[in-house]
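Welcome, and thanks for taking a look at this one. Below is a short briefing, grouped by topic, to read alongside the view.

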Amino acid sequence: MKKIAIVGGGPGGLTLARLLQVKGFPSVQVYERDLDKDARVQGATLDLHEESGLAALQEGLLMEPFIANYRPGADKIRVMDKNAHILADEHAGEKEESRPEIDRGPLRKILLESLAEDTVIWDSQFAGMERSGDGWLLSFKNGMTAYADVVVGADGANSKIRSFITPIKPFFVGMTVLEGSVYDAENLVPEMFELVKGGKLFIFGDSKTLIVSAKGDGTLSFYAGFKSEADWALKGDLLDWYRAEFKGWAPVYETLFANVAGMITRPQYCMPLDQDWEALPNVTMLGDAAHLMPPYAGEGVNMAMLDALELSRSLANEKDVQVAIAAYEQKMRKTASAMAAMTLEQTEVLHSSGAIGSMMKIMGQL
Ligand SMILES: Cc1cc2nc3c(=O)[nH]c(=O)nc-3n(C[C@H](O)[C@H](O)[C@H](O)COP(=O)(O)OP(=O)(O)OC[C@H]3O[C@@H](n4cnc5c(N)ncnc54)[C@H](O)[C@@H]3O)c2cc1C
């Protein structure tokens, strides 16, 4: 039976490992650069979709732990303007729950705990690989090497595996996201905490966005999106920058920036919509490595998990690995291209002067 190496233990890589093990693949290894399972604070909350994230969990026999860990009500959205007026509110009235929310940390834990012992090899930052017989000899930054018959790149936006498959690179979409977290938000930013009400805020103004979400551990995560050059970098003090860039916004929003535990700058890139390549006999990729796109449609994790589902089915149903990879990749590119087109359009609209009207339309309030 073939040895399968998955490089990257994000939602895509871990879901694939789980699905392959459920389908009876005996030799699946995940190589993850994090030092251990607790190495990083996992980001904000995610809504999983019926046809993708939830479908993968279902096939991975993981709905029970998911139901025990998801956060009812966390999908409720409020739309606000820069003056802190609430324009639409899903907390008022009955909202049918169709996209249950789970925090990234608990999702990762569910996936990790579902895997056979020692599936994940921590502290294994992929450095390169060379052909070895019919397979590949992978090498890692810590000096370790490992053989695999099939390699799957699940190593995210800056994938190293991708370059073995295609030279096509992502393009800059003209904006940057600054991502931050306020811990113990109930005490540090009580007014914002109350506004978020355990759900999400979408705040629009001056062609900028501020999206805030509540995590189960009492943290508020937020990301500010604005048009920029590709090499935008915060120079000087964060609060000075915020006051200049978000001039005239209600004072309550500033409390997030005044109490943030640290910011990550994320210039936004997208893979070309028409990307194409010939399937290789024994290397493929999934998730952000294959189809990075901005986060404004909330599809990234869902797509990574859907890729894992489709790839696991393809590998299980087809003996010839190259045929299985080709079938999976063809479908994946088509789905990702349609999703990226929608996401780019949404990103543009939400960062335009008509953002509020468009969001209200999306929410059925206009
Ligand atoms: C601000 C922001 C908000 C977002 N909001 C949402 C949302 O609401 N809903 C949603 O669905 N998506 C959202 N996304 C997108 C989502 O985070 C990604 O699409 C998703 O995490 C992709 O999953 P992945 O498994 O492909 O890659 P990743 O989650 O990036 O995982 C890659 C893994 O590979 C590891 N790795 C990287 N390089 C190496 C290496 N060389 N060797 C070994 N391991 C390596 C990393 O440590 C990581 O664990 C958001 C993204 C951002 C930036």
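Predicted model: local features only at pLDDT ≥ 70, side-chain atom pairs only at ≥ 80, totals over all residues.

- Helix H8 spans residues 238-245 and helix H9 spans residues 251-258; the two pack at an angle of about 155°, and their axes are 10 Å apart.
- Angles over 145 degrees count as roughly antiparallel, so H8 and H9 are roughly antiparallel to each other.
- The crossing of H8 past H9 is right-handed.
- On the H8 side, the contact is made by Leu-238, Leu-239, Trp-241, Tyr-242 and Arg-243, while H9 brings Tyr-253, Glu-254, Phe-257 and Ala-258.
- By class, the residues in this contact between H8 and H9 are seven nonpolar, no polar and two charged.
- Setting aside residues up to four places away in sequence, Ala-250 touches Lys-82, Asn-83 and Ala-84.
- For a sense of distance, Ala-250 and Thr-166 are 84 residues apart in sequence, and their C-alpha atoms are 47 Å apart in space.

**Helices H1 and H4**

- Helix H1 (residues 11-22) packs with H4 at an angle of about 30°, and the axes are 9 Å apart.
- With angles under 35 degrees counting as roughly parallel, H1 and H4 are therefore roughly parallel to each other.
- H1 and H4 make a left-handed crossing.
- H1 contributes Pro-11, Leu-14, Thr-15, Arg-18 and Gln-21 to the contact, and H4 contributes Arg-108, Leu-111, Leu-112 and Ser-114.
- Sorted by class, the contact of H1 with H4 holds four nonpolar, three polar and two charged residues.

**Positions annotated in UniProt**

- An unreviewed UniProt entry lists Arg-40 for "binding site".
- Arg-40 sits in the loop between strand S2 (28-31) and strand S3 (45-47), and Arg-40 counts as partly exposed because its relative accessibility is 45%.
- Beyond its neighbours within four places in sequence, Arg-40 is in contact with Asp-34 and Arg-108; Arg-108 is also one of the H4 residues in the contact with H1.
- Asp-47, Arg-104 and Asp-288 are listed by UniProt for "binding site" as well, again in an unreviewed entry.
- Arg-104 lies in helix H4 and is partly exposed, with a relative accessible area of 32%.
- Asp-288 is placed in helix H10 (residues 288-291), and at 31% relative accessibility Asp-288 counts as partly exposed.
- What does Asp-288 contact, leaving aside its neighbours within four places in sequence? The partners are Gly-156, Ala-157 and Met-271.
- The UniProt annotation "domain: FAD-binding", from an unreviewed entry, covers residues 283-340.
- Residues 283-340 are 72% helix and 5% strand, and the end C-alpha atoms of the span lie 23 Å apart.

**A buried loop serine**

- Ser-52 lies in the loop between S3 and helix H2 (53-59).
- At 4% relative accessibility, Ser-52 counts as buried.
- Apart from its neighbours within four places in sequence, Ser-52 is in contact with Asn-302 and Leu-306.
- Ser-52 and Ser-124 are 72 residues apart along the chain, with 28 Å between their C-alpha atoms.

**Two aspartates with positive phi**

- Asp-118 has a phi near 60°, a positive value in a residue other than glycine.
- Asp-118 is in the loop between helix H4 (104-114) and strand S7 (120-121), and counts as exposed because its relative accessibility is 60%.
- Asp-206 has a phi near 50°, which is also a positive value in a residue other than glycine.
- Asp-206 is found in the loop between strand S13 (200-205) and strand S14 (208-214), and its 40% relative accessibility makes Asp-206 partly exposed.

Conventions: Residues numbered from 1 in each chain as written. Heavy atoms only, no water. UniProt positions renumbered as here; feature names shortened; annotations may be inferred. Helix = DSSP H or I, 4+ residues; strand = E, 2+ residues; numbered from the N terminus. Buried < 20%, exposed > 50% of the residue type's maximum accessible area, 1.4 Å probe, protein only. Contact = heavy atoms within 4.5 Å. Axes fitted to C-alpha atoms, helices over the stretch in contact; angles between N-to-C directions. Parallel < 35°, antiparallel > 145°, perpendicular 65-115°, else oblique. Left-handed = near helix turned anticlockwise from the far one by under 90°. Nonpolar A, V, L, I, M, F, W, Y, C, P; charged D, E, K, R; others polar.
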